[in-house]
Amino acid sequence: MSSAIVPTTGTRTVFLDVDGTLVTYENVLPDSAVWAIREARRAGHRVYACTGRSRAEMPEAIWAIGLDGMIGGNGAYVEDDGEVLLHQHLSAAQCEQAVSWLRRRGLEPYLEANSGLYASPAFRDAARPAIRAYATGKGAAGASSMEVDDVLPGMVFTDELVRDDVNKISFLLASPEDDLAAARRELPDLVVGSWGGSGHEPLFGDVNCAGVSKRHAIDALLAHRGAARRDAVAFGDAAVDVEMLEYCGTGVAMGNGSPAVKEAADLVTDDVEADGLAKAFERLGLTG
C-alpha cells in the first residue's frame with residue numbers, strides 16, 4: 001500500500017464497483033464488506049455502487065447494506081437517496097438498429113435495462129461457452145458447468161428485443177478484434193466497448209450511448225451534492241474503472257484487479273475474497 005495514503009478526517013464520497021470489488025466473481029458478498037460500508041456510513045461518509053450493472057441486477061442483499069444510491073450501466077444511470085439524477089438510455093430506434101445488425105452478424109445480444117435483462121431464447125445456448133470462459137477466468141467454482149441463468153439470474157428470454165429503456169446492450173463476440181471494429185463502423189453514434197474473462201480479454205462487446213462513463217456520472221452526482229472531487233474515493237478492479245480511479249481524489253485497486261487498474265490506483269488492497277474492501281476502508285480511516 002502507498003505510504004502517501006493517510007487516513008481521512010473529513011467526509012468522503014465513496015464509489016464502489018460491484019463485481020470483483022464489492023462482491024466476488026461468484027456473486028458472494030463478504031461480511032467484512034457489509035461491516036465496512038455500514039461503519040463508513042455511521043461515520044458520516046456516503047457510499048454508492050458504481051457499476052456496469054443496471055438497477056435490475058442489484059439484489060436486495062446489496063441494497064440492504066444501506067447504500068446511499070448507485071451509478072449503473074457504467075454511468076448511464078445515477079440515483080441518490082431514491083432520486084434519479086441522470087438516465088441516458090438508447091432510443092427504440094437505436095436499440096432496433098443495434099440488435100438487428102448484431103443478430104445478422106451472428107452476435108447474440110442481451111439488453112440491460114433498469115427493468116430487467118432481456119435476450120432471445122437462442123442466447124441461452126449461444127452464450128454458454130462465453131459464460132463458462134468468463135466464470136473460469138474469474139476463478140468461480142463449478143465454472144465448467146455454469147449456465148447463463150447462474151451468471152445472469154432473472155434474465156427474460158423473449159423475441160421482443162426492441163425497447164426504449166435500455167441502458168446498454170452486451171453481445172457475444174466471435175472474432176473480438178474484427179467484431180468490435182465492425183460494430184464501431186456500423187453504429188457510429190454509439191460507443192462500443194468490451195468486457196471479458198481471464199486477463200480481462202474480450203468475451204463480450206457492449207454498446208452504450210455517447211457520453212456515458214463512470215467519470216461523467218460521478219461528476220454529476222458530486223455536483224448535485226456539492227461535494228468535492230478531492231474528497232471522493234473510488235474502488236475498482238477492471239479496465240472500465242481506470243478513469244474513475246484517476247478522476248477521484250483517491251483511487252483504490254482490488255488485489256484481483258487488472259494491471260492497468262493497479263497502475264492507475266493510489267492504493268492497492270487485497271483480493272475481494274481476502275477482505276480487500278474492508279482492509280482499504282480501515283487503511284483510509286473510513287470506518288471511524
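Student: What describes a pair of aromatic rings?

Tutor: A pair of aromatic rings is described by how far apart the centres lie and by the angle of the planes. In this predicted model, a search of the whole structure finds six aromatic pairs. One of them joins F15 and Y48, with 5.7 Å centre to centre and 25 degrees between the planes, and it is stacked.

Student: Which strands hold F15 and Y48, and how many residues apart in sequence are the parts that the pair ties together?

Tutor: F15 belongs to strand β1 (residues 13-16) and Y48 to strand β2 (residues 46-50), so the pair ties together parts that are 33 residues apart in sequence. F15 is buried at a relative accessible area of 0%, and Y48 is likewise buried, with 0% relative accessibility.

Student: How is the pair of Y134 and W195 arranged, stacked or edge-to-face?

Tutor: Y134 and W195 are edge-to-face, with 85 degrees between the planes and 5.5 Å centre to centre. This pair links distant parts of the chain, 61 residues apart, with Y134 in helix α5 (residues 128-137) and W195 in strand β10 (residues 190-196). Y134 has a relative accessible area of 14% and is buried, whereas W195, at 24% relative accessibility, counts as partly exposed, because buried means under 20%.

Student: Which residues form one aromatic cluster?

Tutor: Y134 and W195 belong to one aromatic cluster together with Y110, F123 and F204.

Student: Where does the charged end of R124 sit, and where that of R163?

Tutor: The charged end of R124 sits over the ring of F157, 3.9 Å from its centre, while that of R163 sits over the ring of Y118, 4.1 Å from its centre.

Conventions
Residues are numbered from 1 along each chain as its sequence is written. This is a predicted model: local features need pLDDT of at least 70, side-chain atom pairs count only at pLDDT 80 or more; totals for chains, interfaces and linings use all residues. Side-chain values use heavy atoms; hydrogens and water are left out. Rings of Phe, Tyr and Trp (its six-membered ring) pair if their centres lie within 6.5 Å; planes under 30 degrees apart count as stacked, over 60 as edge-to-face and the rest as tilted. Helices (H or I, at least four residues) and strands (E, at least two) are DSSP runs, numbered from the N terminus. Buried means under 20% relative accessible area, exposed over 50%, partly exposed in between (1.4 Å probe, protein chains only). A charge sits over a ring if NZ of Lys or CZ of Arg is within 6 Å of the ring centre and within 35 degrees of the ring normal.
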